[in-house]
Amino acid sequence: MFTALLFIIFAGLAVGCAVSMVVQRNPLYSAISLIGVFIALASLYVMLAAPFMAAVQVIVYAGAIMVLVVFVIMLLNVEEEERRKVRLRYLLPTGVVLAAVLIAEAFFILYFVGNADATLRDPAGSNVGLTASIGTGLFTKYLMPFEITSILLLMAIVGAMTLARRAALLSPGARVIPGAQVLPRHLVNPRAVGDATEVVTHTTAQAAALIGEQETEGASEKE
Amino acid sequence: MGPHLSWYLALSAVLFTIGVVGVVVKRNVISMFMCIELMLNAVNLTFIAFSSYFRDVTGQLFVFIVMTVAAAEAAVGLGIIIAIFRNRESLDVDDANILKL
């Protein structure tokens with residue numbers, strides 16, 4: 001009975017925070033609500049006898065990932081979503097109807113699952129959620145997925161660095177051959193989207209000046 | 001009487017649905033990104049509930065890998081968001097409707 005009460009408390013917290021996340025217009029408040037969901041889910045993991053996963057949930061999700069998201073929100077200085085005219089006005093009713101259908105399907109299945117004997121057994125005496133059993137599983141039977149995951153992380157690092165690099169600057173080794181460089185402007189400066197005016201440079205210094213000039217132009221447009 | 005397995009599955013379905021609605025309804029890229037994280041977490045809850053029910057550690061290892069994928073997704077996704085913001089000065093998905101930066 002006590003565990004049922006705990007479940008209701010944490011499930012209510014999770015659902016409430018999730019709804020608040022979708023309803024909030026300021027992304028920062030959304031992020032804080034999402035942290036609430038993560039904490040509630042971590043508590044449920046503890047109830048499901050998975051203490052290691054609960055710790056990882058708090059450390060990785062509520063710690064690392066959400067810090068990254070909040071950092072980006074602050075970096076970009078995101079203002080509230082303005083209430084402007086919705087271009088696709090059928091989108092909201094479609095979303096709500098699809099959500100209702102999904103919920104109905106889920107509960108239809110759960111109704112039949114619920115008739116089966118699926119009471120969770122008492123976790124006492126089981127070592128399934130403990131760190132030792134997870135480590136054993138990761139490094140014996142599931143070693144291959146573990147290694148593939150490390151490659152995935154490497155790819156993520158390389159991808160993030162490539163994306164975050166500034167594109168428009170001349171690389172240190174770049175040299176312009178006199179008279180040979182005739183480029184559309186958007187190749188020299190990716191900000192000039194759609195501007196296909198040709199840019200002709202004759203020396204490296206000239207090209208650098210050209211790009212630098214456009215950089216300041218872009219900065220003044222920002223203001 | 002402890003919580004039934006189906007309670008956890010129902011909670012997971014509700015959270016996933018809220019995430020789907022968020023992705024469809026929201027226009028801010030970062031908010032949509034957070035809704036995707038919510039959906040991933042709903043799936044994680046299902047995995048851990050079944051892992052506890054079957055007394056098998058495999059479900060929790062899946063959750064471990066899902067978390068790694070979520071971290072990689074966060075790094076690359078936020079990189080893309082910053083690149084889009086640099087070029088378009090906006091986080092609205094309607095302003096980023098072509099694949100070109």
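**Exercise 1.** Over which residues of chain A does pLDDT stay under 50, and how many contacts beyond four places in sequence does the model have for them?

*Solution.* Start with the scale: pLDDT is the predictor's confidence in each residue, from 0 to 100. This is a predicted model, where local features need pLDDT of at least 70, side-chain atom pairs count only at pLDDT 80 or more, and totals for chains, interfaces and linings use all residues. Residues are numbered from 1 along each chain as its sequence is written, and chains are lettered from A in the order in which they are written. The stretch is residues 213-223 of chain A, with four such contacts. A contact means C-beta atoms, placed from the backbone, within 7 Å. Where pLDDT is low, predicted coordinates should not be read in detail. Chain A as a whole averages 78, and 65% of its residues score at least 70.

**Exercise 2.** Describe the fold of chain A by its elements.

*Solution.* Count: eight helices and two strands. These are DSSP runs (helices H or I, at least four residues; strands E, at least two), numbered from the N terminus. Then order: α-α-α-α-α-α-β-α-β-α. Next, range: of contacts with a separation of 6 or more, 47% join residues 24 or more positions apart.

**Exercise 3.** Characterise the contact of chain A with chain B.

*Solution.* First, size: chain A gives 70 residues and chain B 62. Next, elements: those giving two or more residues on the chain A side include α1 (2-23) and α6 (143-164). α4(A) gives the most, 11 residues. Last, class: the chain A side has 56 nonpolar, 11 polar and three charged residues. Nonpolar covers Ala, Val, Leu, Ile, Met, Phe, Trp, Tyr, Cys and Pro; charged covers Asp, Glu, Lys and Arg; the others, Gly among them, are polar.

How values were computed. Contact = placed C-beta atoms within 7 Å.
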